[in-house]
Every structure is written in C-alpha cells, then in structure tokens.
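This briefing sets out selected features of the structure shown below.

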Amino acid sequence: MRHAFIDIYADLNTPLHKLGAKIKIVFWVTFLLLIVFSPGRRITLFYGLLVVLLICLSKVPVKFIFKRLVEVIPFIIVIALSALFRKNGIALSLNCTIKATLAIILTLVIFSTTKFTQLLEALRQLKVPNLFIYLLSFMYRYSFLLEDQLLRAKRACESRSINSKNNFRKVKILSNILGTIFIRTYERAERIHLAMCARGYTNEQSN
Amino acid sequence: MNKVIEISNLNFTYPDGTRALEEINLDVYENETLGIIGPNGAGKSTLLLHLNGLLNGNGKVKIFGKAVSKENITLIRQKVGLVFQDPQDQLFMPTVYEDVAFGPNNLGIPKQEIDRKVSSALEEVGLLDKRDNLSYHMSLGEQKRLSIATVLSMSPEILVLDEPNSNLDPASRRHLINLLKSLKVTKVLATHDLEMVLELCSKVVLLDKGKVIDEGETKEILSDKLLLEPHGLEIPLSLLLNR
C-alpha cells in the first residue's frame, strides 16, 4: 500500500517549490508574526491578498487547502467564542478568526510545497534541537505505517461483519481497534528504542 | 581459531516472570556462521538481544574477550551489528540515507567519512540507487537488505540477524542468501528456515524453552528426525531427497 498524504503536492514544479526549505521556514515565521501583529484591517486585508497570491503561485488545489482548513476550524471557533466574552467582543472575535485562518492557510501553502524530509534537513541546519527533529521524523515515518494498520484492521473487521447496522456495536468495535493499535504502537516504540540503542544511540546525544 | 563470542551460564527472566533463557553456554568462533534454530518462543530473539547488551541476564557474555558492560557498550555495539526481524522496527528514519547514516552518526564519525561508509554499505546490498528514497515505500526484500546495510555502515565484525528472510518471496530470499554469503564476517542467524541454515551455516544450535537442546555440525543436527520433531522442526527437504 502506498500513500503519501503528507507530500502529495510537494513534487509540483513552481517557483515556490524550488525555493529552499530554509528560506521558506524563515519566511513562514516572519509572515506569521506579521499577520498576528497586524495593527489594522487594511493591512490584514493586504496580507490576505498576499496569501491568496501564494496559493495561486503554489498551484496547490484550493480544495485541498480548504479540506485541511476545515479540520482545524473547530479550534478556531473555540478561541473565537471565548473572545466574545471580552471587551469589544465581536470585533476581537472576528479579528481572531481572520488572523488564525490566514495563518493556517499560509502554513498549509508553505508546508505542502516542501518535502517533509527537506523540511527536517532545513530545521537541522537552523540548529533546532535534535530531539525535536527526531520526534518529527518519527511522526512522519510512522504515520504511513499507522495509516496502513488502521486500514487493514478496518478491512479485517468489515470482512467479518455482515449487515451490521447496530451503531452502538460499530462504535464499540472501533474503540477495540483503536485500543489494539495503541498497544501495538506502544510495543513497537519499545522495539524501535532497542533498535536505536543497538546502533549506538545513547540518550545523552544532542549534537 | 579465536573465540569472538563466549556465553557462559546465561539466565534471563522477563519482568513478568517468564524464564526466557536457562543456563546457556555457547561459543562462537571467528568467521564462522552459526545458526540458532528452534520453534516460536524458544528464546532465540532474547538470546540475540544479549549479544550487544540490550538485555543483561545473569551470567557472562563476552565479545572479543571483553565482558559486555556499561563501560565498553559503545565499542561492543559497533562490533556487533544486530538486525531486527521487522524492518519497520529496524528502519526508523524517513529516508534510506538517514537510516544508514544513523549508526555512524552515533559513533561520532566525521561527515565525509559517514558519506563514504553509507555509500559502500548501500553498494554492498545493491541499493545505492535508492539512497534518497523513503524506506517505507520499498519492497520487503529491499527493506530487509537495507536493514543489513544500516549495520554494515558501522563496520561490524559480527553480524547478528533475527529471522533475516521471513516473509520473503523466493527471488528476494535467494538475493538475501547470496548477500549473506558474500559478507565475510562472523554471522549468527536465528531462523526457522532450515534450508537456508543448511546453505549458510557451519554450526547449529537447537534452542527450545530457553535451553540449548543440542549443538553441532549442521548436517548432523538437521538430519536427526528424532531430535528435531519434538521441538517443532522438521528435516529440510533437500536433505531428505539426498538420502
């Protein structure tokens, strides 16, 4: 099974893709801060236009960005709702929502045009602590495996459940699958740690 | 010949009380290929984990005459290359290059030297052109060979392999066996593939329920029906046919 849901649009050929990962990270952080601290609506609107321009440049489908955005929106809503109870609530809440949405779209555009492995290399060059890079790289490496495991468990379950319309039972089965996968993942983590140690890894390493 | 691995009176009990190894005594000599055979759950993998200090049971394990201890653990892990059964455990870095460079990186080798070591290890297993690939997207046969490359890059003198060819298709299995033949180091293989043992190993140790049942010359052990069958193994077909 082959999926590359993280890097689907990282192989396109646009100026944005050709830009070095290090430059993109620096640009991303700067632009992010600019958006967050933008003092007035007009400037925010200008930044918004810039982000739209970036999307056009990147050739990443708007649908893809929108889909990913929807996954994050609940978090934004929670923050926007809690802002309502402060002074100037409505304006503040609106401000939060717009800025957060822009920031997320920006992040999506930047990181869907960069290969994850290049990103890790760039972070290494930017002197991000090794432990953090290991965590990110393991997350990336094992996300494929986890997706496969889920898919296989789901298939195995479907092939043995005929016409089950009982929703309560479905939830129960799903929670069983998740539990099993959690335990397997935990045991795998132990084995990976052994495999790391076998190749000379010690916990003190930080360079 | 020099003894490279010496194990005497080794006992190991897992925290849950399972006795995994009982009074193991075993010597491995330089440049020989030893097969450790036995049914599932015999303690083969547990024994292998002792060879580079990942588990520490009661008893003595000496590698090149040095007891496995905290002080010389780095040296021992460089000399003993342990390859895990499941490539998904062995290959934990995203790209092929990073995985093969992981060991040398931990040994504190300069960067240019690491590049050279990675290239020669990948060349040895025939994967030099896959250097920048993601290991997850490779075939199982390639993953198994890559797993071996990840320890070859540390220039080990003993290669310890846990089920090196489990689940491989015949062509990949053959490729792997030829690769193992070409590597001129001391090898310890734990496996149920007795045909492979017959082809590669000069000596065999039969392990069951954590104990050494018998050891000796490969053909002698593998053609002894009365010895093998009570321990979940059977005489390899090629030996039966040649009788």
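In chain A, 75% of the contacts with a separation of 6 or more are between residues 24 or more positions apart; two residues are in contact if their C-beta atoms, placed from the backbone, lie within 7 Å. The model is a predicted one, in which local features need pLDDT of at least 70 and side-chain atom pairs count only at pLDDT 80 or more, while totals for chains, interfaces and linings use all residues. Residues are numbered from 1 along each chain as its sequence is written, and chains are lettered from A and ligands numbered from 1 in the order in which they are written.

**Overall form of chain A**

- Chain A contains eight helices and zero strands, where helices (H or I, at least four residues) and strands (E, at least two) are DSSP runs numbered from the N terminus.
- Chain A has a radius of gyration of 21 Å, well over the 17 Å given by the globule rule for 207 residues, and is therefore more spread out than a compact globule. The radius is taken over C-alpha atoms, and the rule is 2.2 Å times the number of residues to the power 0.38.
- The C-alpha trace of chain A spans about 55 × 50 × 35 Å along its principal axes.
- Buried residues make up 14% of the 207 residues of chain A. A residue is buried if 20 or more other C-beta atoms lie within 10 Å of its own, exposed if 12 or fewer, and partly exposed in between, with C-beta atoms placed from the backbone.
- Chain A is assigned domain 1 (15-121) and domain 2 (129-198), with bounds from an automatic or database domain assignment. The centres of these two domains of chain A, taken over C-alpha atoms, are separated by 30 Å.

**Helix α6 of chain A**

- In helix α6 (residues 116-125) of chain A, the buried residues are F116(A), T117(A), L119(A) and L120(A). Down the axis of α6(A) these residues fall within an arc of 155°, so they line one face of the helix; the arc is that of the directions from the helix axis to the C-beta atoms.
- The cover over the buried residues of α6(A) includes α2 (21-36) and α7 (130-160) of chain A.
- After α6(A) comes K127(A), with a positive phi near 65°.

**Positive phi in loops**

- Most residues other than glycine have a negative phi.
- K59(A) has a positive phi, near 65°, and lies in the loop between α3 (41-58) and α4 (62-83) of chain A. K59(A) counts as partly exposed because it has 13 C-beta neighbours inside 10 Å.
- S155(B) is not a glycine, yet its phi is positive, at about 45°. S155(B) is placed in the loop between α6 (140-152) and β7 (158-162) of chain B, and its 17 C-beta neighbours inside 10 Å make it partly exposed.

**A hairpin in chain B**

- Strands β9 (residues 203-208) and β10 (residues 211-217) of chain B run antiparallel and are joined by six bridges; two strands pair if DSSP finds at least two bridges between them.
- L206(B) is opposite D214(B) in β10(B).
- The hairpin of β9(B) and β10(B) has two residues between the strands, and K209(B) in the turn has a positive phi of about 50°.

**The interface between the chains**

- Contacts link 23 residues of chain B with 21 residues of chain A.
- On the side of chain B that touches chain A, the elements giving two or more residues are α2 (73-79), α3 (87-90), α4 (96-106) and α6 of chain B.
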